[in-house]
Amino acid sequence: MVAEVERLVGQLVDLASTGIDVSDFGNGPRPGGLRRMDAAGGWFYFLVAPRAPLIIVVRIMPPFDVL
């Protein structure tokens, strides 16, 4: 699960480094807020820092069957 989140966040960082706005990727009420993205049957929450090249992973939720 953690390896999949690291892979997906790495892809977000790569996209952001090319100039693509990643603040509206994933699910969330509006661009720029807390976002949720599916990963390996679970999901993770992240924030995109608008003025710094930074993506902050806030929480990783594994699939319910492994809790």
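Buried means under 20% relative accessible area, exposed means over 50%, and partly exposed is in between, using a 1.4 Å probe and protein chains only.

Some ground rules. This model is predicted, so local features need pLDDT of at least 70 and side-chain atom pairs count only at pLDDT 80 or more, while totals for chains, interfaces and linings use all residues. Residues are numbered from 1 along each chain as its sequence is written, and side-chain values use heavy atoms, with hydrogens and water left out.

Now the charges. Side chains of opposite charge can pair when their charged atoms come close. A salt bridge is a side-chain nitrogen of Lys or Arg within 4 Å of a carboxyl oxygen of Asp or Glu. How many salt bridges does this rule give? The count is two.

One joins E4 and R7, with the closest N and O atoms 2.7 Å apart. Both residues sit in helix α1, residues 2–17. Helices here are DSSP runs of H or I with at least four residues, strands are runs of E with at least two, and numbering goes from the N terminus. E4 and R7 are three residues apart, which means about one helical turn separates them. E4 is partly exposed, at 25% relative accessible area. R7 is partly exposed as well, at 41%.

R36 and D38 also form a salt bridge, at 3.2 Å from N to O. Is D38 buried or exposed? D38 is exposed, with a relative accessible area of 51%. R36 is partly exposed, at 26%.

On to the rings. The structure has two aromatic pairs. Rings of Phe, Tyr and Trp (its six-membered ring) pair if their centres lie within 6.5 Å; planes under 30 degrees apart are stacked, over 60 edge-to-face, and the rest tilted. W43 pairs with F64: the centres are 5.6 Å apart, the planes are at 70°, and the pair is edge-to-face. W43 lies in strand β2 (residues 42–49) and F64 in the segment after β3 (54–61), so this pair ties together parts 21 residues apart in sequence. W43 is buried, at 17% relative accessible area. F64 is exposed, at 60%. Then F44 and F46: their ring centres are 5.6 Å apart and their planes at 35°, so this pair is tilted.

Last, the surface. Which residues form a nonpolar patch there? L34, L47, L54, I56 and V58 do, with about 390 Å² of accessible area together. Patch residues have over 30% relative accessible area and no salt bridge; like charges are joined within 9 Å, and nonpolar side chains (Val, Leu, Ile, Met, Phe, Trp, Tyr) within 5 Å. The areas come from the Shrake-Rupley method with a 1.4 Å probe, and for residues only the protein chains shown count as cover. Strand β3 gives the largest share of the patch, three residues.

L34 lies in the loop between α1 and β1 (35–39). L34 is partly exposed, at 41% relative accessibility. V58 is in strand β3, and is partly exposed at 49%. Leaving aside neighbours within four places in sequence, V58 is in contact with L34, Y45, F46 and L47. Contact means heavy atoms within 4.5 Å.
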